[in-house]
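Work through the exercises below with the model open beside you. Try each task before you read its solution.

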Amino acid sequence: MTYILAIDQGTTSTRAIVFDAQMKIVTSAQEEFKQHFPASGWVEHDPIDLWTTTLSTCKAAVADAGLTMGDITAIGITNQRETTLVWDRQTGEPVHNAIVWQDRRTADICRILKTEGHEPLITETTGLLLDPYFSSTKVKWILDHNEGLHARARLGQLAFGTVDSWLIWNLTGGKRHVTDATNAARTMLYDIHKGKWSSRICDLLDIPQAMLPEVLDCAADFGTTDAGIFGAEVPILGVAGDQQAATIGNACFEPGMLKSTYGTGCFALLNTGDTPVTSKNRLLTTIGYQLDGKPTYALEGAIFIAGAVVQWLRDGLGIIENASETQALAEQADKAQDLILVPAFTGLGAPYWAPDCRGAVYGLTRGSGPAEFARAALESVGFQTRDLLEAMHGDMGEGADAKLRVDGGMTASDWAMQFLADITGAPVDRPTVLESTALGVAWLAGMRAGVYPDQDGFAATWALDRTFEPKMQEPFREDKYAAWKRAVQATLSV
Ligand SMILES: Nc1ncnc2c1ncn2[C@@H]1O[C@H](COP(=O)(O)OP(=O)(O)O)[C@@H](O)[C@H]1O
Ligand SMILES: O=P(O)(O)OC[C@H](O)CO
(Lines give C-alpha, C1' and ligand atoms only; values in the text may rest on other atoms or scores of the structure.)
(Ligands and ions follow the chains in the order given, each with its own letter.)
Protein backbone atom coordinates (compact mmCIF):
# COMPACT_ATOMS: atom_id res chain seq x y z
CA MET A 1 0.00 0.00 0.00
CA THR A 2 1.05 3.56 -0.71
CA TYR A 3 0.83 6.33 1.86
CA ILE A 4 2.23 9.85 1.66
CA LEU A 5 2.65 12.00 4.77
CA ALA A 6 2.20 15.76 4.29
CA ILE A 7 3.48 18.15 6.95
CA ASP A 8 1.81 21.59 6.89
CA GLN A 9 3.67 23.81 9.35
CA GLY A 10 1.48 26.95 9.52
CA THR A 11 1.49 30.24 11.40
CA THR A 12 -0.76 29.18 14.25
CA SER A 13 -0.73 25.38 14.06
CA THR A 14 1.09 22.39 12.68
CA ARG A 15 -0.82 19.71 10.76
CA ALA A 16 0.19 16.28 9.53
CA ILE A 17 -2.02 14.52 7.00
CA VAL A 18 -1.78 10.97 5.67
CA PHE A 19 -2.88 10.53 2.03
CA ASP A 20 -3.57 7.14 0.42
CA ALA A 21 -2.71 5.84 -3.03
CA GLN A 22 -5.73 7.68 -4.53
CA MET A 23 -4.57 10.99 -2.94
CA LYS A 24 -7.49 10.85 -0.49
CA ILE A 25 -7.07 11.99 3.11
CA VAL A 26 -6.87 9.04 5.52
CA THR A 27 -6.14 10.82 8.82
CA SER A 28 -4.90 14.15 10.06
CA ALA A 29 -3.59 15.57 13.31
CA GLN A 30 -3.26 19.22 14.27
CA GLU A 31 -1.63 21.09 17.16
CA GLU A 32 -1.61 24.78 17.94
CA PHE A 33 1.46 26.36 19.50
CA LYS A 34 2.22 29.53 21.42
CA GLN A 35 2.55 32.87 19.67
CA HIS A 36 5.10 35.21 21.29
CA PHE A 37 4.58 38.98 21.09
CA PRO A 38 7.69 40.42 22.83
CA ALA A 39 6.98 44.01 21.72
CA SER A 40 4.39 45.90 19.71
CA GLY A 41 4.47 44.66 16.11
CA TRP A 42 6.84 41.79 16.95
CA VAL A 43 5.79 38.14 16.47
CA GLU A 44 8.00 35.17 17.32
CA HIS A 45 7.72 31.38 17.45
CA ASP A 46 9.85 29.07 19.55
CA PRO A 47 11.74 26.93 16.97
CA ILE A 48 11.48 23.96 19.34
CA ASP A 49 7.65 24.26 19.27
CA LEU A 50 7.72 24.12 15.46
CA TRP A 51 9.83 20.96 15.66
CA THR A 52 8.02 19.16 18.50
CA THR A 53 4.54 19.82 17.07
CA THR A 54 5.80 18.43 13.75
CA LEU A 55 7.01 15.28 15.48
CA SER A 56 3.86 14.75 17.53
CA THR A 57 1.37 15.45 14.73
CA CYS A 58 3.26 13.15 12.33
CA LYS A 59 3.27 10.36 14.90
CA ALA A 60 -0.42 10.89 15.74
CA ALA A 61 -1.62 10.98 12.11
CA VAL A 62 0.33 7.85 11.22
CA ALA A 63 -0.79 5.97 14.35
CA ASP A 64 -4.46 6.98 13.81
CA ALA A 65 -4.26 5.47 10.36
CA GLY A 66 -3.15 2.20 11.97
CA LEU A 67 0.25 2.54 10.28
CA THR A 68 3.88 2.84 11.29
CA MET A 69 6.39 5.22 9.70
CA GLY A 70 7.79 2.25 7.80
CA ASP A 71 4.50 2.23 5.81
CA ILE A 72 5.05 5.80 4.58
CA THR A 73 6.42 5.99 1.04
CA ALA A 74 7.51 9.62 1.17
CA ILE A 75 7.09 12.88 3.07
CA GLY A 76 6.14 16.30 1.67
CA ILE A 77 6.66 19.51 3.63
CA THR A 78 4.83 22.80 3.22
CA ASN A 79 5.23 25.73 5.54
CA GLN A 80 4.46 29.29 6.61
CA ARG A 81 6.79 31.27 4.40
CA GLU A 82 9.38 34.00 5.17
CA THR A 83 9.55 33.12 8.89
CA THR A 84 13.23 33.21 9.72
CA LEU A 85 15.42 30.88 11.79
CA VAL A 86 19.14 30.90 12.51
CA TRP A 87 20.83 28.00 14.28
CA ASP A 88 24.28 26.66 15.17
CA ARG A 89 25.41 23.97 12.73
CA GLN A 90 27.39 22.15 15.42
CA THR A 91 24.82 21.93 18.19
CA GLY A 92 21.63 22.44 16.18
CA GLU A 93 20.62 25.07 18.78
CA PRO A 94 18.68 28.10 17.49
CA VAL A 95 20.47 31.36 18.32
CA HIS A 96 17.18 33.28 18.49
CA ASN A 97 13.45 32.65 18.36
CA ALA A 98 11.98 32.37 14.86
CA ILE A 99 10.98 35.85 13.61
CA VAL A 100 7.56 35.39 12.02
CA TRP A 101 6.50 36.78 8.62
CA GLN A 102 4.01 39.11 10.34
CA ASP A 103 6.77 40.75 12.42
CA ARG A 104 7.33 44.43 11.65
CA ARG A 105 10.51 45.07 13.70
CA THR A 106 12.66 45.62 10.61
CA ALA A 107 10.52 48.46 9.22
CA ASP A 108 13.38 50.88 9.99
CA ILE A 109 15.95 48.76 8.17
CA CYS A 110 13.60 48.75 5.16
CA ARG A 111 13.08 52.51 5.37
CA ILE A 112 16.85 53.13 5.39
CA LEU A 113 17.43 50.78 2.44
CA LYS A 114 14.64 52.57 0.56
CA THR A 115 16.06 56.00 1.34
CA GLU A 116 19.47 54.85 0.14
CA GLY A 117 17.83 53.91 -3.17
CA HIS A 118 18.20 50.10 -3.01
CA GLU A 119 14.58 49.14 -3.74
CA PRO A 120 15.02 48.87 -7.56
CA LEU A 121 17.90 46.38 -7.14
CA ILE A 122 15.85 44.31 -4.70
CA THR A 123 12.68 44.31 -6.78
CA GLU A 124 14.47 43.58 -10.06
CA THR A 125 16.43 40.72 -8.52
CA THR A 126 13.98 39.10 -6.11
CA GLY A 127 10.58 40.21 -7.47
CA LEU A 128 9.69 41.47 -3.98
CA LEU A 129 9.09 44.90 -2.47
CA LEU A 130 11.20 46.32 0.33
CA ASP A 131 8.95 45.33 3.23
CA PRO A 132 9.63 43.77 6.66
CA TYR A 133 7.43 40.81 5.56
CA PHE A 134 10.36 38.99 3.90
CA SER A 135 13.23 37.07 5.55
CA SER A 136 16.42 38.94 4.72
CA THR A 137 16.00 41.96 6.99
CA LYS A 138 14.98 39.56 9.77
CA VAL A 139 18.26 37.62 9.31
CA LYS A 140 20.14 40.91 9.39
CA TRP A 141 18.32 41.91 12.57
CA ILE A 142 19.26 38.63 14.31
CA LEU A 143 22.93 38.97 13.35
CA ASP A 144 23.06 42.66 14.30
CA HIS A 145 21.42 42.20 17.69
CA ASN A 146 23.31 39.22 19.07
CA GLU A 147 26.99 39.69 19.86
CA GLY A 148 29.45 37.61 17.90
CA LEU A 149 26.95 36.25 15.41
CA HIS A 150 28.34 38.09 12.38
CA ALA A 151 31.74 36.47 12.96
CA ARG A 152 30.25 33.03 13.53
CA ALA A 153 28.12 33.41 10.39
CA ARG A 154 31.19 34.33 8.33
CA LEU A 155 33.02 31.25 9.62
CA GLY A 156 30.15 29.08 8.40
CA GLN A 157 29.15 28.09 11.94
CA LEU A 158 25.55 29.33 11.58
CA ALA A 159 22.74 28.20 9.31
CA PHE A 160 19.80 30.33 8.16
CA GLY A 161 16.61 28.72 7.01
CA THR A 162 12.91 29.21 6.49
CA VAL A 163 10.73 26.72 8.39
CA ASP A 164 11.10 23.97 5.74
CA SER A 165 14.91 24.09 6.10
CA TRP A 166 14.69 23.95 9.87
CA LEU A 167 12.38 20.94 9.84
CA ILE A 168 14.47 19.10 7.21
CA TRP A 169 17.64 19.80 9.17
CA ASN A 170 16.06 18.22 12.25
CA LEU A 171 14.32 15.37 10.42
CA THR A 172 17.59 14.34 8.74
CA GLY A 173 19.54 14.52 12.00
CA GLY A 174 21.44 17.63 10.85
CA LYS A 175 22.60 16.02 7.60
CA ARG A 176 20.84 18.30 5.10
CA HIS A 177 20.68 22.11 4.93
CA VAL A 178 18.36 22.62 1.95
CA THR A 179 15.28 24.52 0.82
CA ASP A 180 13.18 24.67 -2.35
CA ALA A 181 12.96 27.45 -4.93
CA THR A 182 9.55 28.73 -3.74
CA ASN A 183 10.75 29.27 -0.18
CA ALA A 184 14.05 30.75 -1.41
CA ALA A 185 12.00 33.20 -3.50
CA ARG A 186 10.49 34.67 -0.30
CA THR A 187 13.79 35.44 1.44
CA MET A 188 14.56 38.65 -0.49
CA LEU A 189 18.05 37.19 -1.04
CA TYR A 190 17.31 34.96 -4.05
CA ASP A 191 17.69 35.97 -7.67
CA ILE A 192 14.51 34.52 -9.19
CA HIS A 193 15.78 35.07 -12.73
CA LYS A 194 19.21 33.45 -12.36
CA GLY A 195 18.06 30.83 -9.84
CA LYS A 196 20.78 31.51 -7.30
CA TRP A 197 21.47 33.52 -4.18
CA SER A 198 22.19 37.17 -4.99
CA SER A 199 25.69 38.08 -3.82
CA ARG A 200 24.89 41.80 -4.27
CA ILE A 201 21.95 41.65 -1.87
CA CYS A 202 23.82 39.39 0.56
CA ASP A 203 26.69 41.92 0.60
CA LEU A 204 24.29 44.86 0.95
CA LEU A 205 22.73 43.31 4.06
CA ASP A 206 25.99 41.80 5.34
CA ILE A 207 24.60 38.27 5.26
CA PRO A 208 27.35 35.70 4.52
CA GLN A 209 26.40 33.17 1.85
CA ALA A 210 27.93 30.48 4.07
CA MET A 211 24.68 30.64 6.10
CA LEU A 212 22.37 29.92 3.22
CA PRO A 213 20.80 26.56 2.32
CA GLU A 214 21.18 24.74 -0.98
CA VAL A 215 18.16 25.43 -3.23
CA LEU A 216 16.40 22.48 -4.90
CA ASP A 217 13.35 21.93 -7.11
CA CYS A 218 9.99 21.41 -5.36
CA ALA A 219 10.12 17.68 -6.16
CA ALA A 220 13.64 16.54 -5.30
CA ASP A 221 15.69 14.52 -2.85
CA PHE A 222 15.62 16.59 0.34
CA GLY A 223 17.14 13.80 2.46
CA THR A 224 15.88 10.90 4.53
CA THR A 225 14.50 10.98 8.05
CA ASP A 226 17.03 9.85 10.63
CA ALA A 227 16.10 6.37 11.86
CA GLY A 228 16.32 7.56 15.48
CA ILE A 229 13.42 10.02 14.95
CA PHE A 230 10.56 7.95 13.57
CA GLY A 231 12.11 4.49 13.71
CA ALA A 232 12.27 4.42 9.91
CA GLU A 233 14.19 6.16 7.16
CA VAL A 234 11.56 7.92 5.06
CA PRO A 235 12.58 10.04 2.05
CA ILE A 236 11.50 13.70 1.96
CA LEU A 237 10.64 14.25 -1.70
CA GLY A 238 8.44 17.35 -1.90
CA VAL A 239 8.75 20.90 -0.49
CA ALA A 240 6.91 24.15 -1.27
CA GLY A 241 5.90 27.27 0.63
CA ASP A 242 2.28 26.95 1.71
CA GLN A 243 0.76 29.39 -0.81
CA GLN A 244 2.67 27.83 -3.66
CA ALA A 245 1.65 24.37 -2.44
CA ALA A 246 -2.00 25.54 -2.55
CA THR A 247 -1.44 26.76 -6.13
CA ILE A 248 -0.16 23.29 -7.01
CA GLY A 249 -2.93 21.57 -4.98
CA ASN A 250 -5.50 23.61 -6.89
CA ALA A 251 -3.83 22.46 -10.13
CA CYS A 252 -3.24 26.03 -11.37
CA PHE A 253 -0.70 24.79 -13.89
CA GLU A 254 -1.71 26.90 -16.90
CA PRO A 255 -0.77 30.56 -17.38
CA GLY A 256 -3.78 32.70 -16.39
CA MET A 257 -5.00 30.29 -13.71
CA LEU A 258 -5.57 31.87 -10.34
CA LYS A 259 -6.12 30.65 -6.79
CA SER A 260 -6.81 32.44 -3.57
CA THR A 261 -6.33 30.80 -0.16
CA TYR A 262 -8.37 32.05 2.80
CA GLY A 263 -6.68 31.11 6.08
CA THR A 264 -5.37 33.60 8.65
CA GLY A 265 -4.46 35.87 5.76
CA CYS A 266 -5.35 35.60 2.09
CA PHE A 267 -2.86 34.99 -0.68
CA ALA A 268 -3.81 35.09 -4.36
CA LEU A 269 -1.40 33.63 -6.92
CA LEU A 270 -1.76 33.98 -10.67
CA ASN A 271 0.28 31.60 -12.83
CA THR A 272 2.27 33.61 -15.42
CA GLY A 273 4.09 30.62 -16.92
CA ASP A 274 7.79 30.94 -17.70
CA THR A 275 7.56 34.74 -17.72
CA PRO A 276 8.32 36.62 -14.52
CA VAL A 277 5.88 39.55 -14.83
CA THR A 278 6.94 42.76 -13.12
CA SER A 279 3.89 44.35 -11.54
CA LYS A 280 3.01 47.99 -12.10
CA ASN A 281 0.48 47.67 -9.30
CA ARG A 282 2.64 46.65 -6.34
CA LEU A 283 2.08 42.92 -6.55
CA LEU A 284 4.93 40.49 -5.96
CA THR A 285 6.69 38.43 -8.60
CA THR A 286 7.48 35.02 -7.22
CA ILE A 287 8.22 31.42 -8.15
CA GLY A 288 4.95 29.46 -8.24
CA TYR A 289 6.75 26.12 -8.44
CA GLN A 290 9.92 24.70 -9.91
CA LEU A 291 10.02 21.26 -11.51
CA ASP A 292 12.89 19.68 -13.48
CA GLY A 293 14.97 22.81 -12.98
CA LYS A 294 12.34 24.98 -14.70
CA PRO A 295 10.68 27.74 -12.68
CA THR A 296 7.04 28.67 -13.29
CA TYR A 297 6.43 32.21 -12.16
CA ALA A 298 3.45 33.79 -10.44
CA LEU A 299 2.11 37.20 -9.56
CA GLU A 300 1.10 37.28 -5.91
CA GLY A 301 -1.14 39.51 -3.86
CA ALA A 302 -0.90 39.11 -0.09
CA ILE A 303 -3.59 40.25 2.35
CA PHE A 304 -2.48 39.93 5.97
CA ILE A 305 -5.95 39.69 7.59
CA ALA A 306 -8.68 37.41 6.18
CA GLY A 307 -9.89 34.61 8.51
CA ALA A 308 -8.11 36.50 11.27
CA VAL A 309 -10.87 39.13 11.15
CA VAL A 310 -13.35 36.37 12.06
CA GLN A 311 -11.02 35.29 14.88
CA TRP A 312 -11.10 38.90 16.09
CA LEU A 313 -14.93 38.84 16.19
CA ARG A 314 -14.59 35.75 18.39
CA ASP A 315 -11.56 36.55 20.59
CA GLY A 316 -11.42 40.35 20.48
CA LEU A 317 -15.08 41.39 20.47
CA GLY A 318 -16.54 38.15 21.85
CA ILE A 319 -19.63 38.44 19.61
CA ILE A 320 -19.39 34.86 18.28
CA GLU A 321 -18.26 31.59 19.77
CA ASN A 322 -17.19 29.96 16.56
CA ALA A 323 -16.42 31.13 13.05
CA SER A 324 -19.41 29.52 11.35
CA GLU A 325 -21.84 31.75 13.32
CA THR A 326 -20.82 34.67 11.08
CA GLN A 327 -22.99 33.23 8.31
CA ALA A 328 -26.31 33.53 10.19
CA LEU A 329 -25.33 36.93 11.61
CA ALA A 330 -24.42 38.33 8.19
CA GLU A 331 -27.77 37.15 6.81
CA GLN A 332 -29.59 39.04 9.59
CA ALA A 333 -27.62 42.29 9.18
CA ASP A 334 -29.64 45.46 8.51
CA LYS A 335 -29.54 46.14 4.75
CA ALA A 336 -29.99 49.85 5.34
CA GLN A 337 -26.67 50.11 7.16
CA ASP A 338 -23.35 50.32 5.34
CA LEU A 339 -20.81 49.39 7.96
CA ILE A 340 -17.33 49.13 6.44
CA LEU A 341 -14.47 47.51 8.34
CA VAL A 342 -10.91 48.05 7.12
CA PRO A 343 -9.03 45.29 8.97
CA ALA A 344 -5.56 46.83 8.83
CA PHE A 345 -4.68 45.25 12.18
CA THR A 346 -1.06 44.68 11.13
CA GLY A 347 -0.91 47.27 8.38
CA LEU A 348 -2.14 46.72 4.85
CA GLY A 349 -0.43 44.37 2.40
CA ALA A 350 -0.93 44.38 -1.37
CA PRO A 351 -1.50 46.61 -3.19
CA TYR A 352 -1.11 49.29 -0.51
CA TRP A 353 1.96 48.10 1.46
CA ALA A 354 1.37 50.36 4.46
CA PRO A 355 3.00 48.66 7.48
CA ASP A 356 2.10 51.45 9.92
CA CYS A 357 -1.59 51.78 8.94
CA ARG A 358 -4.13 50.49 11.51
CA GLY A 359 -7.76 49.34 11.23
CA ALA A 360 -10.92 51.45 11.12
CA VAL A 361 -14.72 51.13 11.04
CA TYR A 362 -16.96 53.50 9.06
CA GLY A 363 -20.71 54.05 9.05
CA LEU A 364 -21.46 53.23 12.70
CA THR A 365 -24.97 54.01 13.94
CA ARG A 366 -26.78 53.39 17.23
CA GLY A 367 -28.25 50.33 15.53
CA SER A 368 -24.88 48.77 14.60
CA GLY A 369 -24.42 45.48 16.38
CA PRO A 370 -22.90 42.00 16.07
CA ALA A 371 -24.78 41.22 12.83
CA GLU A 372 -23.50 44.33 11.04
CA PHE A 373 -19.95 43.71 12.34
CA ALA A 374 -20.05 40.09 11.16
CA ARG A 375 -21.23 41.14 7.70
CA ALA A 376 -18.60 43.90 7.50
CA ALA A 377 -15.89 41.40 8.53
CA LEU A 378 -16.83 38.90 5.82
CA GLU A 379 -17.23 41.67 3.26
CA SER A 380 -13.78 43.07 4.07
CA VAL A 381 -12.24 39.85 2.77
CA GLY A 382 -14.15 40.15 -0.53
CA PHE A 383 -13.24 43.81 -0.94
CA GLN A 384 -9.56 43.10 -0.34
CA THR A 385 -9.62 40.26 -2.86
CA ARG A 386 -11.14 42.59 -5.45
CA ASP A 387 -8.25 45.01 -4.79
CA LEU A 388 -5.85 42.19 -5.66
CA LEU A 389 -7.77 41.12 -8.75
CA GLU A 390 -7.95 44.71 -10.01
CA ALA A 391 -4.17 44.94 -9.61
CA MET A 392 -3.70 41.63 -11.45
CA HIS A 393 -5.98 42.68 -14.30
CA GLY A 394 -4.05 45.96 -14.44
CA ASP A 395 -0.83 44.00 -14.96
CA MET A 396 -2.12 41.19 -17.16
CA GLY A 397 -5.23 42.47 -18.95
CA GLU A 398 -7.01 39.47 -20.43
CA GLY A 399 -4.08 37.30 -19.30
CA ALA A 400 -5.74 36.97 -15.91
CA ASP A 401 -8.34 34.21 -15.92
CA ALA A 402 -11.87 35.20 -14.94
CA LYS A 403 -12.34 32.15 -12.70
CA LEU A 404 -10.96 32.07 -9.21
CA ARG A 405 -10.23 28.78 -7.42
CA VAL A 406 -10.41 29.13 -3.66
CA ASP A 407 -9.33 27.06 -0.68
CA GLY A 408 -8.52 27.37 3.04
CA GLY A 409 -10.65 27.34 6.21
CA MET A 410 -12.71 30.43 5.45
CA THR A 411 -14.04 29.06 2.18
CA ALA A 412 -16.36 26.91 4.33
CA SER A 413 -18.47 30.09 4.56
CA ASP A 414 -21.00 30.09 1.70
CA TRP A 415 -21.92 33.66 2.57
CA ALA A 416 -18.31 34.89 2.26
CA MET A 417 -17.85 33.00 -1.04
CA GLN A 418 -21.09 34.38 -2.50
CA PHE A 419 -20.06 37.91 -1.54
CA LEU A 420 -16.65 37.28 -3.11
CA ALA A 421 -18.34 36.35 -6.42
CA ASP A 422 -20.73 39.31 -6.11
CA ILE A 423 -18.12 41.97 -5.40
CA THR A 424 -15.59 40.70 -7.94
CA GLY A 425 -18.32 40.17 -10.54
CA ALA A 426 -16.76 36.82 -11.47
CA PRO A 427 -17.50 33.17 -10.64
CA VAL A 428 -15.72 31.54 -7.72
CA ASP A 429 -14.90 27.81 -7.88
CA ARG A 430 -14.68 25.93 -4.59
CA PRO A 431 -13.03 22.50 -4.91
CA THR A 432 -14.08 19.39 -2.98
CA VAL A 433 -10.69 19.29 -1.21
CA LEU A 434 -10.24 22.47 0.81
CA GLU A 435 -6.86 21.19 2.08
CA SER A 436 -5.19 22.15 -1.21
CA THR A 437 -1.97 23.10 0.56
CA ALA A 438 -1.32 19.65 2.01
CA LEU A 439 -2.58 17.98 -1.17
CA GLY A 440 -0.16 20.03 -3.28
CA VAL A 441 2.88 18.95 -1.35
CA ALA A 442 1.67 15.36 -0.99
CA TRP A 443 1.38 15.25 -4.78
CA LEU A 444 4.93 16.62 -5.20
CA ALA A 445 6.32 13.91 -2.91
CA GLY A 446 4.16 11.11 -4.36
CA MET A 447 4.89 12.14 -7.95
CA ARG A 448 8.64 12.16 -7.23
CA ALA A 449 8.30 8.73 -5.60
CA GLY A 450 6.57 7.51 -8.77
CA VAL A 451 3.34 6.55 -7.00
CA TYR A 452 1.15 9.54 -7.96
CA PRO A 453 0.21 10.69 -11.48
CA ASP A 454 2.15 13.21 -13.52
CA GLN A 455 1.12 16.88 -13.71
CA ASP A 456 -1.66 16.37 -16.28
CA GLY A 457 -2.98 13.30 -14.48
CA PHE A 458 -3.05 15.20 -11.21
CA ALA A 459 -4.77 18.23 -12.80
CA ALA A 460 -7.48 15.88 -14.09
CA THR A 461 -8.31 14.81 -10.51
CA TRP A 462 -9.22 18.38 -9.43
CA ALA A 463 -12.92 18.27 -8.53
CA LEU A 464 -15.43 21.08 -8.18
CA ASP A 465 -17.67 21.27 -5.11
CA ARG A 466 -19.59 24.38 -6.11
CA THR A 467 -19.39 27.45 -8.33
CA PHE A 468 -20.62 30.72 -6.79
CA GLU A 469 -21.99 32.89 -9.60
CA PRO A 470 -22.16 36.66 -9.16
CA LYS A 471 -25.72 37.81 -8.44
CA MET A 472 -25.27 41.43 -7.39
CA GLN A 473 -26.44 44.10 -9.85
CA GLU A 474 -23.51 45.96 -11.35
CA PRO A 475 -24.38 49.54 -10.24
CA PHE A 476 -24.86 48.33 -6.65
CA ARG A 477 -21.57 46.39 -6.81
CA GLU A 478 -19.65 49.39 -8.10
CA ASP A 479 -21.19 51.71 -5.47
CA LYS A 480 -20.22 49.31 -2.73
CA TYR A 481 -16.67 48.89 -4.00
CA ALA A 482 -16.28 52.67 -4.38
CA ALA A 483 -17.33 53.07 -0.72
CA TRP A 484 -14.65 50.52 0.29
CA LYS A 485 -11.98 52.41 -1.69
CA ARG A 486 -12.96 55.64 0.04
CA ALA A 487 -12.76 53.91 3.41
CA VAL A 488 -9.26 52.59 2.64
CA GLN A 489 -8.08 56.01 1.49
CA ALA A 490 -9.46 57.59 4.66
CA THR A 491 -7.71 54.92 6.78
CA LEU A 492 -4.40 55.42 4.98
CA SER A 493 -4.56 59.16 5.54
CA VAL A 494 -4.94 58.97 9.36
N1 LIG B 1 -17.31 28.93 8.58
C2 LIG B 1 -16.39 29.90 8.61
N3 LIG B 1 -16.73 31.18 8.35
C4 LIG B 1 -15.82 32.18 8.37
N5 LIG B 1 -14.52 31.99 8.66
C6 LIG B 1 -14.10 30.75 8.93
C7 LIG B 1 -15.01 29.64 8.93
N8 LIG B 1 -14.31 28.52 9.26
C9 LIG B 1 -13.03 28.92 9.45
N10 LIG B 1 -12.90 30.25 9.27
C11 LIG B 1 -11.66 31.05 9.39
O12 LIG B 1 -10.66 30.38 8.65
C13 LIG B 1 -9.40 30.47 9.32
C14 LIG B 1 -8.79 29.09 9.45
O15 LIG B 1 -8.45 28.61 8.20
P16 LIG B 1 -7.11 27.72 7.99
O17 LIG B 1 -7.05 27.43 6.54
O18 LIG B 1 -7.16 26.61 8.96
O19 LIG B 1 -6.04 28.82 8.41
P20 LIG B 1 -4.46 28.78 8.78
O21 LIG B 1 -3.87 27.64 7.98
O22 LIG B 1 -3.97 30.13 8.38
O23 LIG B 1 -4.39 28.57 10.27
C24 LIG B 1 -9.65 31.06 10.70
O25 LIG B 1 -9.12 32.36 10.70
C26 LIG B 1 -11.16 31.10 10.83
O27 LIG B 1 -11.57 32.29 11.47
O1 LIG C 1 0.57 29.89 7.76
P2 LIG C 1 -0.44 30.61 6.89
O3 LIG C 1 -1.41 29.68 6.23
O4 LIG C 1 -1.07 31.75 7.64
O5 LIG C 1 0.40 31.26 5.64
C6 LIG C 1 1.36 32.20 5.87
C7 LIG C 1 2.04 32.65 4.59
O8 LIG C 1 2.86 31.65 4.02
C9 LIG C 1 2.84 33.88 4.83
O10 LIG C 1 3.44 34.36 3.65
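## Exercise 1: a buried strand

Solution. Strands (E, at least two residues) and helices (H or I, at least four) are DSSP runs, numbered from the N terminus.

Step 1: Since 6 of the 6 residues of β1 are buried, the strand is largely enclosed by the rest of the structure.

A note before going on. This is a predicted model, in which local features need pLDDT of at least 70, side-chain atom pairs count only at pLDDT 80 or more, and totals for chains, interfaces and linings use all residues. Residues are numbered from 1 along each chain as its sequence is written, and chains are lettered from A and ligands numbered from 1 in the order in which they are written.

## Exercise 2: the sheet around β1

Task: Find which strands pair with β1, and in which sense.

Solution. Step 1: Take β2 (residues 13–19). It pairs with β1 (residues 4–9) in the antiparallel sense over 6 bridges; two strands pair if DSSP finds at least two bridges between them. A hairpin joins β1 to β2 through 3 residues.

Step 1: I4 stands opposite F19 in β2. D8 stands opposite R15 in β2.

Step 2: Turn to β5. This strand runs parallel to β1, and 6 bridges join the two. The bridge partner of D8 in β5 is T78.

Step 3: The order is β3-β2-β1-β5-β13, an open sheet of 5 strands with mixed pairing. Its edge strands are β3 (25–32) and β13 (236–241), each pairing on one side only. From one strand to the next, the twist averages 15°; axes are lines fitted to C-alpha atoms, for helices over the stretch in contact, and angles run from 0 to 180 degrees between N-to-C directions.

Step 4: Helix α10 (residues 242–249) lies across β1, β5 (74–79) and β13, and runs at about 105° to β13. Helix α15 (residues 436–449) packs on the sheet and touches β1, β2, β5 and β13. The direction of α15 makes about 145° with that of β5. Contact here means that the C-beta atoms of two residues, placed from the backbone, lie within 7 Å.

## Exercise 3: annotated residues

Task: Which residues does the UniProt "binding site" annotation cover, and where do R81 and E82 lie?

Solution. Step 1: Consult the record. The unreviewed UniProt entry annotates T11, R81, E82, Y133 and D242 as "binding site". Positions are given in the numbering used here, feature names are shortened, and annotations may be inferred rather than shown by experiment.

Step 1: Locate two of them. R81 is in the loop between β5 and β6 (85–88). E82 lies in the loop between β5 and β6.

Step 2: Judge burial. R81 counts as buried because it has 27 C-beta neighbours inside 10 Å. E82 is buried, with 25 other C-beta atoms within 10 Å.

Step 3: List contacts, not counting residues up to four places away in sequence. R81 touches W101, T162, N183, R186, G241, D242 and Q243. E82 touches W101, Y133, F134, S135, T162 and R186.

Key. A residue is buried if 20 or more other C-beta atoms lie within 10 Å of its own, exposed if 12 or fewer, and partly exposed in between; C-beta atoms are placed from the backbone.
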